[in-house]
Amino acid sequence: MVGIIIASHGEFAAGIKQSASMILGETEALESVVFMPSEGPDDLYKKIQDAITKLGTEEVLFIVDLWGGSPFNQSNRFFEEAPETRAIVAGLNLPMLLAALSEREDMETAHEVAEAIVPEGKDQIRVRPESLQPKDEGPKAVAQDDTPKGAIPEGTVIGDGKIKFVLARIDTRLLHGQVATSWTKATNPNRIIVVSDTVSKDELRKKLIEQAAPPGVRAHVIPLDKLVEVSKDPRFGNTKALLLFENPQDALYVIERGVEIKELNVGSMAHTVGKVMVNNVLSMDQNDVDTYKKLRDLGVQFDVRKVAADKRADLFKLISEKQNEGLKL
């Protein structure tokens, strides 16, 4: 039997599993995984790993809440280990889950079940009054992509010759659900660029990031010096880029070398040993504080928000409130 793992941000997966059991009764080979606000990617990875072990089958279908979110990203790591026997479907809803539990009785592979449940998940989205039901008019328009394609001669000027940075964000998790949905919608980029020397050398992480990009937007992973080079290349004049840095030190490095970033969105900095939590998503040590001070001295402004709908917070006020815990301004 095909094993099914449903994974979500918060308790959604556990709740929808309970809903399915009310309708179909208790089912075997079905595991739910919840990703809580206090947890990190490694915690989620371990939960999914444990769920796969409990299923005890090679054929595994992951149904996740959001394409590009953390549940998708961590499930995708397991998919890459055995793509011939595993599949992922995003957009978890109850009709989709019920279809998966029913269809798998007559199917042998995760791929077959995945193919069968997508139409059911979409078709059960209905509206009353019926006049509000969207008509199928083909794919939605996406941000116009006028970035260079193919070999363009060096020195060619595209547009005004200056790359546009619609957002530059510090986020330990890099490309995940909040970026793929909230920030992409708010800033409308045609490129998401992860800027990291470490990740650019990791072919698996690069591949996973590229796959997590939202529809209509391409994701790239480049080293720090490559961004410095691209920022001065007139061939990227029509590029609207959303930049993602793992830490403020990487942002400082490129800014000191001429990359014109006027504001940094400080979104998430994971807690590690020796760091102090300055709010529920930002953890820093003195090196981080000193780096932000250097950035401030260079004229960089700071926008402390996890998602676009949040109210802006004052970075240095947050830090000053933690000075008795070892951080110094």
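**A walk through the predicted model**

At 2% relative accessibility, Phe72 counts as buried (buried is under 20% relative accessible area, exposed over 50%, and partly exposed in between, with a 1.4 Å probe and protein chains only). Before going on, note that this is a predicted model, where local features need pLDDT of at least 70 and side-chain atom pairs count only at pLDDT 80 or more, while totals for chains, interfaces and linings use all residues. Residues are numbered from 1 along each chain as its sequence is written, and side-chain values use heavy atoms, with hydrogens and water left out.

Now step back to the whole chain. It has 329 residues, and 45% of them count as buried. Along the principal axes, the C-alpha atoms fill a box of roughly 65 × 55 × 45 Å. A compact globule with 329 residues would have a radius of gyration near 20 Å, and the 22 Å of this chain agrees with that (the radius is taken over C-alpha atoms, and the globule rule is 2.2 Å times the number of residues to the power 0.38). The chain has 12 helices and 12 strands, which are DSSP runs numbered from the N terminus (helices are H or I with at least four residues, strands E with at least two). Of the contacts with a separation of 6 or more, 75% are between residues 24 or more positions apart; contact means heavy atoms within 4.5 Å.

Back to the rings. The whole structure holds four aromatic pairs (rings of Phe, Tyr and Trp, the last by its six-membered ring, pair if their centres lie within 6.5 Å; planes under 30 degrees apart are stacked, over 60 edge-to-face, and the rest tilted). Phe72 pairs with Trp67: the ring centres are 4.3 Å apart and the planes sit at 35°, so this pair is tilted. Trp67 itself is partly exposed, with a relative accessible area of 40%.

Because Tyr292 belongs to helix H11 (residues 286-297) and Phe302 to strand S12 (residues 301-304), the pair ties together parts that are 10 residues apart in sequence.

Finally, look at Leu24, in helix H1 (residues 12-24). Leu24 counts as partly exposed, at 40% relative accessibility.
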